[in-house]
Amino acid sequence: MPKSPRPSRATLSPAEDSNKMRRVIAEDPDWSLMLVPFLSTLCLESIARNMEKKPIFEELNPLQREFVQGKLSVSLPLHVTANLISDGVYWKRCCEERWEICDVAHYGNSWKRMFFERHLENMIELFIPDVTQPETILDMVPLCKNYVKRLDISQLLPPIKEPQKEEEEYSTELVNDNDYEGPSIDHFDFSILLDKLDNLEEFHLVYRVRQCGMNFEWEMFGMTDRDCESLAKALKSCKTLKRLRLHQSNIEDKQCRLLVKNLLDHPSLRELDFSHNLIGDRGARAIGKLLSRSKLQVLNMYDNNIRDPGARAIAHALSKNSTLLSLNLQLNRLRDEGGQSIGQALIKNNTLLHLHLGANEVTGPSAVAISKALLQNNTLKSINLSSNKLGVDGGKALQEAMSTNTTVTECDIRLTEVDESDVSLINQVVWSNQSVELQKQAQEKKTK
């Protein structure tokens, strides 16, 4: 039986033509048979979606872990991810989601370390005494203690003041001060935290409130005696601490002495920064004692109230010290008695590399004393005497001492009233020493 002829397209009815030309279109315009995921990929995506319910991560190989980290939700609870998800893409995503500026180089190129350090810093900076429960901080410790190496606390909030009740009209009753119960603490109590951070090496702290605006009160700035007691206890318990910076906190002699008392014989402290405070001679004497009973390498007392008695105490300790590499006493009030004491100490000291005595009201006699030290001291590399009235005689003494010096590569004598010819000669010696130092460094690199 002969086959019936196949109708041509021209003979098809409109309805038949529509059915013949119909196409199946996917809901996803990007879908294609070529993009069908592998089963292993679907499994990894499922693991990422269900990580909170069924945390499976250690069983994965490195490539699988990296893929899962890219798919995990950054809102997962920290108790799930902290000790499960290793450093990598996930913690990078968490950081970039939360903070606009993320310079991982400041955190040893570890995104996980950056996240936990900044997270803990934020919690402490927003802690309100007698309002925030300390447990909120302590519950975080088991999750972050292995990753926190540095804390930089830029503010500490004081307790909230209760609004004062207006006196009742026609009332003559007086309020007994003993009936008032103040806050239990003045700022966050670090004694409950620092001893639990096993890897903490750097601690930067300032007692102030940022951006207080029209709510400014002097009580927002400065450390109280209760703060000092709790912090001193905390510092003593933190045996891993290498660098301590406590600045702009209105620390006075009494508080400085208490802090230093708890830092004596500290096993690991190498750098101490008490700049921009109110430390005077009694505090400086405590610092001198610390130099004798520690392994400090860097001491920064910039912008305090240290005068010549305090300078003599520090100089006495410096003459016997064998670990200190850098001493900054800029912007104090050492005057010539203090400056001469430091100069005499340099004759006996053979380890100090950097000395800053700028803006200390020292004059010619101090310059002469330091010049005598430069004739015998072969270790000092940089000295700053700027913003002091050294005068022509002081400048002449420095120039004569520097003419035979071969180690000083930095000598700042700006704004010292030194004769221009002496400044020029001193700079020539400094440049020559710098050139020799660069050649030595180049040779050392070649030998390595």
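# Exercises on a predicted chain

His-266 lies in the loop between helix 10 (253-261) and strand 4 (271-273). The model is predicted, so local features need pLDDT of at least 70 and side-chain atom pairs count only at pLDDT 80 or more, while totals for chains, interfaces and linings use all residues. Residues are numbered from 1 along each chain as its sequence is written, and side-chain values use heavy atoms, with hydrogens and water left out.

## Exercise 1: the surroundings of His-266

Task: state whether His-266 is buried or exposed, and find which residues His-266 touches.

Solution. 
- Step 1. Set the classes: buried means under 20% relative accessible area, exposed over 50%, and partly exposed in between (1.4 Å probe, protein chains only).
- Step 2. The relative accessible area of His-266 is 6%, so this residue is buried.
- Step 3. Not counting residues up to four places away in sequence, His-266 touches Leu-235, Cys-238, Lys-239 and Leu-241.
- Step 4. Lys-242 is 24 residues from His-266 along the chain, and their C-alpha atoms are separated by 9.4 Å.

## Exercise 2: the chain as a whole

Task: find how many helices and strands the chain has, and what percentage of its residues is buried.

Solution. 
- Step 1. Helices (H or I, at least four residues) and strands (E, at least two) are DSSP runs, numbered from the N terminus. The chain has 16 helices and nine strands.
- Step 2. Of the 448 residues in the chain, 44% are buried.
- Step 3. Among contacts with a separation of 6 or more, 77% come from residues 24 or more positions apart.
- Step 4. By the Shrake-Rupley method with a 1.4 Å probe, where for residues only the protein chains shown count as cover, the chain exposes about 26500 Å². Carbon and sulfur atoms supply 51% of that area.

## Exercise 3: cysteines

Solution. 
- Step 1. A disulfide is a covalent bond between the sulfur atoms of two cysteines.
- Step 2. Cys-256 is buried at 0% relative accessibility, and Cys-411 is buried at 14%.

## Exercise 4: two helix pairs

Task: describe how helix 13 packs with helix 14, and how helix 11 packs with helix 12.

Solution. 
- Step 1. Two packed helices are described by the angle between their axes and the distance between the axes. Axes are lines fitted to C-alpha atoms, for helices over the stretch in contact, and angles run from 0 to 180 degrees between N-to-C directions. Angles under 35 degrees count as roughly parallel, over 145 as roughly antiparallel, 65 to 115 as roughly perpendicular and the rest as oblique.
- Step 2. Helix 13 (residues 335-348) and helix 14 (residues 364-376) pack at about 5°, with axes 8 Å apart. Helix 13 is therefore roughly parallel to helix 14.
- Step 3. For the classes, Ala, Val, Leu, Ile, Met, Phe, Trp, Tyr, Cys and Pro count as nonpolar, Asp, Glu, Lys and Arg as charged, and the others, Gly among them, as polar. The contact of helix 13 with helix 14 has six nonpolar, five polar and two charged residues.
- Step 4. Helix 11 (residues 281-292) and helix 12 (residues 308-320) pack at an angle of about 5°, and their axes are 8 Å apart.
- Step 5. Helix 11 contributes Asp-281, Ala-284, Arg-285, Gly-288, Leu-291 and Ser-292, and helix 12 contributes Pro-309, Gly-310, Ala-313, Ile-314 and Ala-317. By class this contact has six nonpolar, three polar and two charged residues.

## Exercise 5: positive phi

Task: for Gln-248 and Arg-335, state what phi each has and where each is found.

Solution. 
- Step 1. Most residues other than glycine have a negative phi.
- Step 2. Gln-248, not a glycine, has a positive phi of about 50°. Gln-248 is in the loop between strand 3 (243-246) and helix 10, and is partly exposed at 35% relative accessible area.
- Step 3. Arg-335, also not a glycine, has a positive phi of about 55°. Arg-335 is in helix 13 and is partly exposed at 34% relative accessibility.

Technical notes: Contact means heavy atoms within 4.5 Å.
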